[in-house]
Amino acid sequence: MKQLIFIDDDQLVIDISKIIIESLPETANIDKFYFKSGDAFLQSIDTIDLSKENVMFLDLNMPGLDGWQVVDEMSERKLLDYFEIYVLSSSLHPKDKERAEKHPYIQKYIEKPLSKSKVRECLGINVSV
């Protein structure tokens with residue numbers, strides 16, 4: 001069973017993500033967690049069931065801990081093996097994309113906005129059109 005985790009400081013992005021996720025029948029029985037900061041996620045890490053497949057959508061540019069600092073903290077706590085991390089960012093900085101693509105624990109760099117097809121791709125859901 002999978003769980004979805006969204007970490008983004010922009011409430012509009014969280015709201016849009018919720019709408020997209022809730023509209024997908026494939027995610028109806030998946031636990032979903034939404035955090036407005038990396039700090040809030042790390043403080044609530046005990047609420048995440050590490051025995052499940054955890055798919056994380058992580059923003060890079062946030063106040064407090066940014067996405068890279070969240071990944072670093074997860075590494076220090078030896079938690080990276082429990083998560084499939086997808087960077088979901090509007091950053092146009094080529095170094096962010098390059099760093100994400102080279103990072104061994106980041107599955108993919110995804111440009112905002114999130115879409116149904118991007119979610120399905122990250123969850124490994126194939127949909128015939």
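**Figure 1. Strand E1, helix H1 and strand E2 form a right-handed β-α-β unit.** In this predicted model, helix H1 covers residues 11-23. Strand E1 (residues 2-7) pairs with E2 in the parallel sense, and five bridges link the two. Within this pair, Gln3 stands opposite Asp31 in E2.

**Figure 2. The five strands make an open sheet with parallel pairing.** The strand order across the sheet is E2-E1-E3-E4-E5. Strand E2 (31-35) and strand E5 (106-111) are the edge strands, and each of them pairs on one side only. On average, neighbouring strands in this sheet are turned by 20° against each other, direction ignored. Strands of a sheet pair through backbone hydrogen bonds, and the pairing can be parallel or antiparallel.

**Figure 3. Strands E3 and E4 pair in the parallel sense.** Strand E3 takes in residues 53-58, and strand E4 takes in residues 83-89. The pairing runs over five bridges. Asn54 stands opposite Phe83 in E4.

**Figure 4. Helices H3 and H4 each lie across strands of the sheet.** Helix H3 (residues 67-76) lies across E3, E4 and E5. The direction of H3 is at about 150° to E3. Helix H4 (residues 94-102) lies across E4 and E5, and H4 runs at about 150° to E5.

**Figure 5. Helix H5 has four buried residues, Val119, Arg120, Cys122 and Leu123.** Helix H5 covers residues 116-123. Seen down the axis of H5, the buried residues fall within an arc of 165°, so they line one face of the helix. An α-helix has 3.6 residues a turn, so residues three or four places apart point the same way. The buried residues of H5 pack against E1, H1, E3, E4 and E5. After H5 comes Gly124, with a positive phi near 70°.

**Figure 6. The whole chain has five helices and five strands.** Read from the N terminus, the elements follow the pattern β-α-β-α-β-α-β-α-β-α. The radius of gyration is 14 Å, close to the 14 Å that the globule rule gives for 129 residues, so the chain is as compact as a globular protein of that length. The C-alpha trace spans about 40 × 35 × 30 Å along its principal axes. Of the 129 residues, 43% are buried. Among contacts with a separation of 6 or more, 67% are between residues 24 or more positions apart.

Note on methods:
Residues numbered from 1 in each chain as written. Predicted model: local features only at pLDDT ≥ 70, side-chain atom pairs only at ≥ 80, totals over all residues. Heavy atoms only, no water. Pairing = 2+ DSSP bridges. Axes fitted to C-alpha atoms, helices over the stretch in contact; angles between N-to-C directions. Contact = heavy atoms within 4.5 Å. Right-handed = clockwise from strand over helix to strand, strands pointing away. Buried < 20%, exposed > 50% of the residue type's maximum accessible area, 1.4 Å probe, protein only. Arc of directions from axis to C-beta. Rg over C-alpha atoms; globule rule 2.2 N^0.38 Å.
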